[in-house]
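Here is a friendly walk through one model and the places where its chains meet. Have a look at the sequence and the structure first.

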Amino acid sequence: MATKPESIDPGYTGLRTKVETLPTQYYFDEAHYERELERIWYCNWICLGRSSSVSEPRAYQVFDLGSQQILVVRGDDKRLRAFHNTCRHRGSALCSNETGRFPGGRITCPYHSWIYDLDGNLLRTTSLTQAEGFSPEDYSLYGVAIEEFAGFVFARLEGGQGLSVEESIDGYTGRLEQWPLGDMVVGHTFRRVVQCNWKVVWENYGECLHCPNIHPTLSKLVPLFARGLQEKTDDPHWQAHAQDDDPKYCGGLRDGAKTWSMDGQVHGKPIATLSEDARRAGQSFADCWPSAYFHGHLDYAHVTFMRPLGPEQTEYTKIWLFPKETLEDDDFPLANVVDFVKKVVEEDLGICEQTQKGMRSRRHEAGVIMPEEYYLKDFQDWVRRQLD
Amino acid sequence: MATKPESIDPGYTGLRTKVETLPTQYYFDEAHYERELERIWYCNWICLGRSSSVSEPRAYQVFDLGSQQILVVRGDDKRLRAFHNTCRHRGSALCSNETGRFPGGRITCPYHSWIYDLDGNLLRTTSLTQAEGFSPEDYSLYGVAIEEFAGFVFARLEGGQGLSVEESIDGYTGRLEQWPLGDMVVGHTFRRVVQCNWKVVWENYGECLHCPNIHPTLSKLVPLFARGLQEKTDDPHWQAHAQDDDPKYCGGLRDGAKTWSMDGQVHGKPIATLSEDARRAGQSFADCWPSAYFHGHLDYAHVTFMRPLGPEQTEYTKIWLFPKETLEDDDFPLANVVDFVKKVVEEDLGICEQTQKGMRSRRHEAGVIMPEEYYLKDFQDWVRRQLD
Amino acid sequence: MATKPESIDPGYTGLRTKVETLPTQYYFDEAHYERELERIWYCNWICLGRSSSVSEPRAYQVFDLGSQQILVVRGDDKRLRAFHNTCRHRGSALCSNETGRFPGGRITCPYHSWIYDLDGNLLRTTSLTQAEGFSPEDYSLYGVAIEEFAGFVFARLEGGQGLSVEESIDGYTGRLEQWPLGDMVVGHTFRRVVQCNWKVVWENYGECLHCPNIHPTLSKLVPLFARGLQEKTDDPHWQAHAQDDDPKYCGGLRDGAKTWSMDGQVHGKPIATLSEDARRAGQSFADCWPSAYFHGHLDYAHVTFMRPLGPEQTEYTKIWLFPKETLEDDDFPLANVVDFVKKVVEEDLGICEQTQKGMRSRRHEAGVIMPEEYYLKDFQDWVRRQLD
């Protein structure tokens with residue numbers, strides 16, 4: 001808390017002027033939460049999960065998003081479609097199981113047997129006559145924009161900003177695209193309901209000032225994190241060490257470590273497609289606001305999904321993705337990577353819940369974003385734009 | 001979904017033009033739910049249950065209705081009275097047990113021993129003096145309109161439409177009145193909290209388009225139901241079979257069946273007072289919106305009570321009523337009728353809960369009432385009138 | 001319910017004209033509850049509990065009050081300070097344990113290690129530079145007014161009425177101050193979540209019209225209570241017995257009883273500092289609206305704390321305080337006093353919950369305060385003034 005602004009090195013990546021956080025009530029107010037569902041969660045590409053459970057034609061999966069249910073189905077042409085899980089007749093949910101298959105390529109409502117094709121067209125009702133003013137073509141299922149991308153299902157309930165899925169993932173192009181995510185296989189899943197607002201999870205993810213305190217093990221693996229920094233240029237005097245190849249200054253993993261794991265070593269099949277830079281860094285990141293972020297390492301990737309359950313409750317899911325060969329190897333020490341990441345996650349979720357509690361103070365109308373927390377400024381500016 | 005309007009037979013009972021359902025938010029919005037409590041549940045005759053638990057003078061029973069508690073008591077003159085279960089002094093609930101007896105014919109508040117007679121008049125307080133402006137006659141219990149009818153207790157909290165209880169039960173006069181409901185005895189009770197709006201239960205009850213799908217056993221017993229119809233004239237081409245006495249066309253139970261039961265046979269004492277028509281039909285119905293409906297069969301009746309617990313939660317109770325002699329017969333196979341009806345109920349409640357879920361879709365602003373669902377139009381028109 | 005106003009004795013303490021209670025919706029309406037939190041619970045001195053758990057320098061305790069958490073800490077100067085349990089950076093709760101100690105006399109936020117001294121001054125952040133516009137002196141912890149008084153911790157979140165803690169306790173000066181509360185020790189604690197509004201508990205406490213009914217044992221100990229009175233002058237004809245030393249007329253405990261206990265006898269060390277009057281009365285009272293009331297007896301005291309948990313839910317805590325020597329005496333029959341008081345409490349809380357239930361009646365817009373319930377008028381007038 002010493003450096004004067006005038007002595008800061010050129011190229012410094014931190015914030016130079018004080019920035020206030022979002023109003024604190026954005027993190028627990030019920031009406032504001034509904035507004036965020038509408039303006040943020042229902043208007044952006046949301047990463048719902050892997051597409052592997054709908055890999056076969058006529059297979060379906062139902063995903064929850066806020067108060068909405070999205071029915072995703074693979075057509076006979078192998079392309080995905082998505083609909084609200086709602087019959088146009090009297091609103092019955094079409095599917096009550098999470099996953100299944102539509103034999104005959106027909107979606108039949110369990111209530112009155114209205115039958116739709118996999119494009120959502122109403123093929124027939126069971127009424128013996130057709131009322132004046134009723135046209136089946138007016139009663140197609142409510143469509144939802146859907147994309148399959150890199151082995152994931154992305155859906156957008158409404159309007160949106162015109163971005164493509166790829167454009168919605170900051171850090172995909174030129175970075176995470178080096179990982180063959182579409183071909184990789186889930187080796188482990190972690191799921192927990194966290195007692196905090198979804199933005200608290202993102203803001204925790206977006207800065208490393210908390211790393212020395214909260215993540216002793218991770219901070220040993222990534223020496224720059226032990227200094228509370230994410231990039232070497234987050235240090236206002238970074239130029240003094242510009243040529244230093246000590247990871248404490250230049251970033252990346254500690255000497256001798258290759259990947260995020262207990263021993264730092266690679267035991268699975270390395271991803272062959274990585275650039276020299278990606279291999280050297282040992283960690284790459286990409287973010288898809290508001291629903292998911294991606295980590296790529298030399299031999300695996302892990303992906304985090306968030307789902308808002310309420311103003312102060314979020315479902316947090318992480319999956320670990322490996323090359324198929326890695327998981328087929330009985331000797332592969334899965335716990336070596338899973339336990340490492342899970343420890344970091346547990347540390348994060350604990351402090352997220354404690355943050356949520358403190359924010360209820362009536363005096364705390366807003367907090368302050370510190371210089372190293374520039375990611376939070378970007379994120380909160382985006383939230384503000386979405387809400388406008 | 002084929003018949004053109006112009007080719008419909010005269011006398012057709014279905015709807016001829018398209019009708020929209022109530023707005024979907026009427027099924028889950030909290031503020032709208034409160035409005036329905038006030039305009040519908042607190043202003044109509046509500047069937048609270050059997051009067052048998054208050055059969056003796058000075059016996060009482062407390063019934064819940066929305067957020068209100070109604071204390072029903074039988075006077076020494078054998079007539080029922082009802083009051084809010086609330087002392088006029090500082091609002092204490094007068095009775096905490098569901099049923100009981102007022103010895104001495106006095107209602108004594110447990111808090112400060114204010115004493116009321118069974119007409120609700122305040123007889124005495126325990127204060128040593130009487131403040132200026134305080135007149136005991138201003139502090140009678142809050143009265144509730146109450147009627148005993150056919151062995152049931154009906155209460156109306158407020159105003160109401162001026163209908164009598166009998167007028168409030170559509171299908172009673174000339175139909176259900178053939179059953180000696182007042183003398184019949186409860187042989188079985190089924191109760192479940194259903195996760196749906198109360199109107200979903202009524203709308204499920206009011207049409208048989210869902211019968212082929214949802215009720216295979218019932219549809220075997222009532223062949224017209226297997227065609228998705230309730231009345232023979234629900235078929236736009238009913239005249240082609242106008243003289244046909246196949247129950248598939250003319251209605252009623254399948255050949256050889258006499259009553260709603262597993263084997264279709266009557267094992268209890270038949271109701272002697274039924275008309276030839278009622279006997280032939282094997283099933284008769286009457287409805288008391290919004291709280292109850294009645295089924296009469298050759299040897300028993302069953303009655304369904306609904307109570308709203310929240311916008312998406314309803315208490316569903318069904319009782320089976322038999323002639324006293326039937327229940328005294330140790331060989332009477334009670335399960336033969338109970339299990340049959342219970343199967344139908346479980347099927348209905350399952351699809352009601354699934355309907356409630358699908359209605360949360362933001363796109364589903366309203367559904368459509370199909371031609372055979374004319375009962376729903378009547379019901380929803382009534383709901384709309386009540387809310388005006 | 002007989003005495004005419006004109007025949008009332010001079011000096012009569014009851015109400016002479018009819019008074020309406022607060023509107024009933026003040027006891028369950030959610031928005032009104034929030035208003036009471038703001039205007040009453042956050043603006044008055046609240047008795048949080050004993051200060052014994054923060055007796056050592058650097059010890060802290062976190063107290064809940066409504067949605068707020070108050071961190072109370074003893075400074076190295078032995079004086080208490082209090083703050084919102086919230087870091088000024090991004091709002092993390094500073095302490096997650098209920099009690100603990102700050103080694104080094106520093107409050108360190110667990111999230112990003114912002115460090116505050118025990119006066120709440122921000123000593124350092126962990127950022128490497130200081131943004132323009134950021135001054136540490138603007139980021140002291142949010143302070144809370146705090147007082148240690150008679151062994152209790154009192155906090156006031158906001159403004160307040162300018163009263164001192166002592167002035168906030170009606171009946172302290174000249175009455176409860178005779179008890180050495182600061183030196184007494186907790187011998188027993190009773191805690192229960194009661195399903196009623198906090199005001200229902202106060203109103204139950206504030207009158208004895210309910211005593212004959214609800215408290216048979218207490219009414220035997222305090223004969224005036226058996227008549228539904230708190231003071232002898234609550235009887236409109238009190239002068240007829242003005243010289244009578246029967247406790248039925250003059251108040252105090254029954255002949256031969258000395259204290260509130262099962263056998264009425266004193267087994268512990270008597271409080272030496274009591275006046276002759278206090279000793280004779282056998283019971284003394286003091287109230288600190290809205291959070292606590294105090295009972296003093298010859299050999300012990302007991303104190304009741306209330307905390308609002310919701311419009312229809314209150315946390316009720318009672319502690320029994322004894323001279324240290326009494327608790328060190330292995331033969332002291334603790335149950336003799338604890339069981340007596342606990343019986344009274346259970347009786348009160350039962351009828352409080354029943355009162356809450358009856359108040360939901362839509363017809364019961366307000367109740368009536370009876371002549372002997374003058375304390376309720378004072379209390380409700382105070383509530384009204386706070387809300388204005």
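The report below takes up an interface and then a single residue.

Please keep in mind that this model is predicted. Let us begin with chain A and chain B, where 40 residues of chain A are in contact with 41 residues of chain B. Together the two chains bury about 3400 Å², and carbon and sulfur atoms account for 52% of that area. On the side of chain A, the residues that lose the most area to chain B are Arg90(A), Tyr111(A) and Leu128(A), which together make up 22% of what that side buries.

Between chain A and chain B, 24 residue pairs are in polar contact, counting pairs with both residues at pLDDT 80 or more. Four salt bridges cross the interface. A salt bridge also links the side chains of Glu38(A) and Arg362(B), at 3.7 Å from N to O.

The side of chain A that touches chain B divides by class as follows.

| Class | Residues of chain A touching chain B |
|---|---|
| Nonpolar | 16 residues |
| Polar | 18 residues |

Is Gln354(A) buried or exposed? Its relative accessible area is 12%, and because the cut-off for buried is under 20%, Gln354(A) counts as buried. Its neighbors in chain C include Ser92(C), Leu94(C), Cys95(C), Ser96(C) and Pro110(C). Gln354(A) also touches Ala93(C), whose backbone oxygen lies 2.9 Å from a polar atom of the Gln354(A) side chain.

Definitions and conventions
Residues numbered from 1 in each chain as written. Chains lettered and ligands numbered in written order. Predicted model: local features only at pLDDT ≥ 70, side-chain atom pairs only at ≥ 80, totals over all residues. Heavy atoms only, no water. Contact = heavy atoms within 4.5 Å. Buried area = accessible area lost by both parts, 1.4 Å probe. Polar contact = N/O pair within 3.5 Å; in protein donor to acceptor, adjacent residues only side chain to side chain. Nonpolar A, V, L, I, M, F, W, Y, C, P; charged D, E, K, R; others polar. Buried < 20%, exposed > 50% of the residue type's maximum accessible area, 1.4 Å probe, protein only. Lists of a residue's contacts leave out its neighbours within four places in sequence.
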